[in-house]
Amino acid sequence: MPLLKIDHLSKHYDMRTLQDISLSLDNGQILCLLGPSGCGKTTLLRLIAGLEAPETGTIIFDGKDITHLKPHKRQFGLMFQEFALFPHKNVFENVAFGLKMQHLDSIQIKQRAWEMLDLVGMTELAKRNVIELSGGERQRVALARSLAPQPRLLMLDEPLGALDRHLRERLLPEIHSILKKLNIPAIFVTHDQTEALIIADQIAVMHDGMIEQLDTPANVYQHPKTVFVARFLGFHNIFAGTVTTDGAIKTEHGIFHPDQEYLLPDTSVKLIFRHEGAIFNSKEALSCHYDTITGLVEKCVFTGPTFQIQINVANAAGLIFDLPNFQQPPQIGDTISLALHPSSMSVIPL
């Protein structure tokens, strides 16, 4: 039985609707709510926290209906982008605040607060005023304060949104490791695809108040179920196609053979070429008889790890592929053929 089970939750808000949301979360799992601004991520989080009441549906936690339970009785932890630390308190006092609200004795408070500070690597700054800390250090304090009262569920609403990308990429694996070490279930809200793929056990991709896909990070990325999910993940190379009798996909640019489960012949689909799946100047690809696509190079941009090229293919302008930086890239104006690994293609049935 899942720890958290949400059935058919709905809520009207700001001329929009959170529609018929159902999902579940096991103990120790991290669920990421991923989607653009206004899609309903934060509203769903607030419903689970008890900060808003749903119009329909139920929220079951640990076998008990908490749909209308007061927020403080749920014993959930909340962590926000703004940190919400007390500027007049030092690091230790901020972490200890929630423990004092639980009316623990001073020995328990000190022991738990120091444990959490050690967990997030902030013991040496325990007596420092929070206004003297960097953004990353403040986020560590906010995490320690959220974890100190031992919440039954931790909810994080865009917790790294105010930090630069380099710092986010450094903190994400640390937050993941800490949550797993403590075996605390968590719901993580973000609009950043990379954050979701790194931190989540499950991802719920949301759009217009609905869940478009609920799946593992690998399946969301490798097998998006809707065109919206594919485009939100940053995939640009999406074509209309039809399934042939032998399971291939026929498009206006040729016939392709993705590594995909059986599809009914004559089914209309969308075929995706993921950016990283193209192979340029590879004898191995040619010997394996991989599918190829030929086009005119219009752009070639060095991004560091890759050369991102844009090619025109017949009537399809602006196909984008990422080529590894250890290869000599093609030149603008070249006509090139790219081999496409079967596993780099995805199919969306329509």
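**About the model.** This is a predicted model, with local features taken at pLDDT of at least 70, side-chain atom pairs counted only at pLDDT 80 or more, and totals for chains, interfaces and linings using all residues. Numbering starts from 1 along each chain as its sequence is written, and side-chain values use heavy atoms, leaving out hydrogens and water.

**View 1. An open sheet of four strands, in the order E2-E1-E4-E5.** Helices (H or I, at least four residues) and strands (E, at least two) are DSSP runs, numbered from the N terminus. Two strands pair if DSSP finds at least two bridges between them. The pairing in this sheet is antiparallel. Strand E2 (16–25) and strand E5 (64–65) each have a single partner strand, so they stand at the edges, and one side of each is left without a neighbour in the sheet. Zoom in on E4 and E5 and you'll find two bridges in the antiparallel sense, with Phe61 opposite Lys64 in E5.

**View 2. Strand E11 with its partners E14 and E12.** E11 (residues 238–243) runs antiparallel to E14 (residues 268–273), and five bridges join them.

**View 3. Phe61 and Phe76, an edge-to-face pair.** A pair of aromatic rings is described by the distance of the centres and the angle of the planes. Here the rule is that rings of Phe, Tyr and Trp (its six-membered ring) pair if their centres lie within 6.5 Å; planes under 30 degrees apart count as stacked, over 60 as edge-to-face and the rest as tilted. The count comes to eight aromatic pairs by this rule. Phe61 and Phe76 have ring centres 4.9 Å apart and planes at 65°, so they come out as edge-to-face. The pair links distant parts of the chain, 15 residues apart: Phe61 belongs to strand E4 (residues 56–61) and Phe76 to strand E6 (residues 76–80). On the accessibility scale, buried means under 20% relative accessible area, exposed over 50%, and partly exposed in between (1.4 Å probe, protein chains only). Phe61 is buried at 2%, and Phe76 is buried at 14%.

**View 4. Phe228 and Phe232, a stacked pair.** With ring centres 5.8 Å apart and planes at 20°, this pair counts as stacked. Both residues lie in helix H9 (residues 227–232), four residues apart, or about one turn of the helix. Phe228 is partly exposed at 22% relative accessible area, whereas Phe232 is buried at 15%.

**View 5. The aromatic cluster of Phe239, Phe256 and Phe273.** These three residues form one cluster. Phe239 is found in strand E11 and counts as buried, at 6% relative accessibility. Its C-alpha atom is separated by 8.4 Å from that of Glu252, 13 residues apart along the chain.

**View 6. Lys127 over the ring of Phe92.** The charged end of Lys127 sits 4.9 Å from the ring centre of Phe92. A charge sits over a ring if NZ of Lys or CZ of Arg is within 6 Å of the ring centre and within 35 degrees of the ring normal.

**View 7. The largest pocket, with a volume of about 700 Å³.** A pocket is an open set of points on a 1 Å grid over the protein atoms alone, where a 1.4 Å probe fits, with protein on both sides within 12 Å along at least five of seven lines; lining residues have an atom within 4 Å of a point. Of the 24 lining residues, Gln75, Phe76, Gly77, Leu78 and Pro149 lie nearest the centre. Helix H2 (71–74), E6, helix H3 (91–101) and helix H5 (135–147) are the elements that give two or more residues to this lining, and E6 gives the most, with five.

**View 8. The second largest pocket, with a volume of about 320 Å³.** Its lining includes Gln193, Tyr221, Phe235 and Asp322. Helix H7 (residues 193–199) supplies the largest share of the lining, three residues.

Note on methods:
Grid points are joined across faces, edges and corners, and a volume is the space filled by probe spheres set on the points.
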